[in-house]
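Good morning, colleagues. I would ask you to look at the model on the screen while I go through its packing and its aromatic rings.

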Amino acid sequence: MNKTLKLQNVISKTMDLSNDNPGSFDLEINKMNTYIMTHGAKQIGPLIQYTGVDLNEKNEMNFELKFMLQCDKYLHSSDKDYPMEPTIRVTDCLYARYKGPESKVKFAFDKIGVYAFENDIELQGSNYTIYVSKNVEEETMVADIFMPIKK
């Protein structure tokens, strides 16, 4: 509990969920990697996925999906498609490390939700999933999940 997520030199791509299909996600991540390399930098660390939910002025839910990669240096010439932030710091998060089949990663999110409920902790409704590793042969993965607490 009360973990802090700190990311450095982060390039991101917000996905348009109304137009994008899940099959295009790998393509967008490859484009991000190419963008990083063509600007003289290297990706460091694994892929990070941000998912957020909030209510708009009509009380309708808005979903946001953003892929993030960290670079070994700050890219000063980043464009509107790939905004760059020198530091992202998310404090006061509940945290879980998941190891197991990719199809069951949902249980790690559920576990954090149950913990928050049982301890009267209100969550913001967003999360950061860091895809630490993936074993294709065994169809397993390791992921770190951070869910910010509402302040």
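**Core packing and ring pairs**

Leaving out residues up to four places away in sequence, methionine 32 touches Ile11, Ser12, Lys13, Phe67, Met68, Leu69 and Tyr82; contact here means heavy atoms within 4.5 Å. This is a predicted model, in which local features need pLDDT of at least 70 and side-chain atom pairs count only at pLDDT 80 or more, while totals for chains, interfaces and linings use all residues. Residues are numbered from 1 along each chain as its sequence is written, and side-chain values use heavy atoms, with hydrogens and water left out.

Met32 is also among the residues with the most contacts inside the largest nonpolar core, which has 16 residues. Such a core is a set of buried Ala, Val, Leu, Ile, Met, Phe, Trp, Tyr and Cys residues joined through side-chain atoms within 4.5 Å, where buried means under 20% relative accessible area, exposed over 50% and partly exposed in between (1.4 Å probe, protein chains only). Helix H1 gives the most to this core, with 5 residues; helices are DSSP runs of H or I of at least four residues, strands runs of E of at least two, numbered from the N terminus.

I turn to the rings. Which kind of pair do tyrosine 35 and tyrosine 82 form? Their centres lie 4.8 Å apart and their planes are at 40°, so the pair is tilted. Rings of Phe, Tyr and Trp (its six-membered ring) pair if their centres lie within 6.5 Å, with planes under 30 degrees apart stacked, over 60 edge-to-face and the rest tilted. Both tyrosine 35 and tyrosine 82 are buried.
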